[in-house]
Amino acid sequence: MFDILYFGLEGDLERPTHLYTGKAILMDPIKLGRQLRTARETRGLSQQTAADALGVPRTAITQIELGKRSVSTLELAKLAECYLRPVSHFFEEAVEAENEDVLVALHRIAPGLEQDSDVSEQVDRCVALCREGVVLEKILGLGPRSGPPMHNVRVPRTAGQAVTQAEQLADEERNRLNIGNAPLADVSELIGSQGIWASGIELPRDMSGLFLRHPSIGLAILVNASHPRGRKRFSYAHEYAHALLDREQTISISSTDNSAELVETRANAFAAAFLMPRTGVSEVLRTLDKGLPARHEQTIFNAASGGHIQAEFRPPAKSQKITYKDVALVAHHFGVSYQAALYRLKSLRHVSQPDSVGLLEQEHFGIQYLRFLNKLDELEKPEQRQYWDRELRSEIAHLAIEAYRREDISRGRLLELSKMLGIDGKTLLVLAEAAHEG
C-alpha cells in the first residue's frame with residue numbers, strides 16, 4: 001500500500017521548495033513512518049509531544065510510525081516543524097531515486113548557503129572536485145569508494161545513551177585503525193585514507209560542518225575552515241561520526257540550529273573520545289604527575305609470617321589538583337582547543353563541576369602559557385587559506401597525474417583540472433610528464 005502526497009496544492013501550506021510544487025510523490029507509509037520516528041527520536045521527543053503538536057491521541061502517532069495510518073500534508077507539515085526538518089527531508093529516498101543533483105539537494109536542505117556568494121561558490125567547487133575524483137577513479141579502473149564500515153546503531157533515546165554509544169564506537173574505531181592512544185596528527189588525512197573526500201571551506205558562522213553521501217561524489221566531509229584549527233579538527237571527527245553512524249542520510253548538517261539533537265550529542269561525544277581517548281588522557285596526566293587517586297592502598301605479602309601488610313599511599317596535599325596549565329598541555333598534546341580538553345577532563349571526572357567553571361575562566365592563561373612555551377601551534381587561530389583543502393586537492397592531483405601517465409586523459413584535460421584545483425597548470429604538467437616518462 002502506498003500513499004500519494006501532493007505538495008503546493010493545499011491552501012497556505014508552507015512549500016518546502018518549488019521542486020515539489022504540484023508534484024505527486026509516491027511514498028511507502030512504512031518508510032515514511034520509520035523516517036518520522038527517527039526524526040522524533042533524534043530530537044529527543046516523546047510520542048505524546050508529537051501527538052500534542054498534531055492535536056491527536058498518542059496512539060495516532062504510534063500508528064503513523066508503524067505505517068498503519070496515513071498522514072495528510074498538513075499533519076506532515078506540523079510534524080516537520082516540530083522535528084525541525086523541512087517537509088522535503090522525509091522524501092529524500094524518493095528524490096534520490098530521481099537522481100536529484102547533490103548540489104540541488106544541499107541548497108534545498110541548507111538554503112543559508114546561498115546567502116553568501118563566496119560560501120556558495122566554495123561549496124560548489126568542492127562538490128565539483130569530488131565529482132571529478134569519482135570520474136578519475138572510474139577511468140583508472142578503481143572500485144567505488146565504500147568508505148569506513150557503517151555501524152547500524154539505533155538513534156539514542158537519551159543523552160547518556162548517546163555518550164555511551166559514542167565512547168564505545170570511538171574505542172572500536174581506534175582499534176580498527178590500529179592507532180592505540182596516540183594523538184592524531186592530521187584528521188583530514190585519516191578521513192581521506194578511509195575513502196572519504198575531506199576539505200575545509202568557508203561556511204556560515206553557525207555551521208561547523210557537512211557530511212554528504214551521493215552516488216556522484218561518494219562520501220564527503222566539509223568543515224568550517226574559518227574556525228580555529230583546534231575546533232576544525234574536532235569538526236572533522238564530529239562529521240566522521242556521521243559517516244560511521246548516520247550514512248542513511250544523504251546530507252547531514254551540523255550547526256547551532258540542531259546542536260541539541262541526540263545524534264549531534266553522539267557525534268560530539270565521539271569526536272571527544274576519538275581525539276582524546278580515555279587511556280591516552282590518563283597517560284598524559286601521569287606524565288604531569290596528575291590523575292592519581294587521593295588515597296591508594298596496597299596489600300603486601302609478608303614472607304616471614306605468611307601473612308600480609310597493609311600500606312597506604314597519599315599524594316602530597318594539592319598535588320593532584322588540575323590547573324589551567326595542565327588543561328592547556330592536554331589540549332596541545334591531542335591538538336584540540338582548550339575548551340574541548342577541559343570538557344573531556346570533566347567528562348572523565350578528572351575535573352569537578354566547580355573546578356571546571358574556574359578553569360574555563362582561566363582559558364586565556366592557558367593560551368598564554370602555551371605561547372610562552374612556544375607550544376601554541378596556532379590551535380586557537382584559523383589555518384591559512386592555502387591549507388584549507390590541501391587533502392582534497394592532493395588526492396585529485398594524484399589521480400589526475402596517474403590518469404595522464406596511463407594516457408587516459410589528455411594534456412588539455414589535465415590543464416582543465418589544474419584550474420579547478422587552483423594550482424599552476426605548467427607545474428602540474430611538468431610533474432605529470434615526469435611520471436609519464438618514468
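Which residues does Phe 274 touch, not counting residues up to four places away in sequence? Phe 274 touches Ala 170, Glu 173, Arg 174, Leu 177, Ile 179, Leu 184, Leu 190, Ala 237 and Tyr 240. Contact here means heavy atoms within 4.5 Å.

This is a predicted model: local features need pLDDT of at least 70, side-chain atom pairs count only at pLDDT 80 or more, and totals for chains, interfaces and linings use all residues. Residues are numbered from 1 along each chain as its sequence is written, and side-chain values use heavy atoms, with hydrogens and water left out.

**Cores.** A nonpolar core is a set of buried Ala, Val, Leu, Ile, Met, Phe, Trp, Tyr and Cys residues joined through side-chain atoms within 4.5 Å. Buried means under 20% relative accessible area (1.4 Å probe, protein chains only). The largest core has 53 residues; Tyr 240, Phe 270, Phe 274 and Met 276 touch the most other members. Apart from it lies another core, of 42 residues, including Ala 105, Cys 126, Leu 203 and Ala 432.

Of its 31 lining residues, Phe 234, His 238, Asn 268, Ala 340 and Tyr 343 are the closest to its centre. The lining splits by class as follows.

| Class | Lining residues |
|---|---|
| Nonpolar | 9 residues |
| Polar | 13 residues |

A pocket is an open set of points on a 1 Å grid over the protein atoms alone, where a 1.4 Å probe fits, with protein on both sides within 12 Å along at least five of seven lines; lining residues have an atom within 4 Å of a point. Asp, Glu, Lys and Arg count as charged; Ala, Val, Leu, Ile, Met, Phe, Trp, Tyr, Cys and Pro as nonpolar; the others as polar.

**Helix 14.** Helix 14 gives the most to this lining, with 5 residues. Helices are DSSP runs (H or I, at least four residues), numbered from the N terminus. Within helix 14, Tyr 338, Ala 340, Ala 341, Leu 342, Arg 344 and Leu 345 are buried. Just after the helix, Arg 349 takes a positive phi of about 65°.

Key: Helices (H or I, at least four residues) and strands (E, at least two) are DSSP runs, numbered from the N terminus. Buried means under 20% relative accessible area, exposed over 50%, partly exposed in between (1.4 Å probe, protein chains only).
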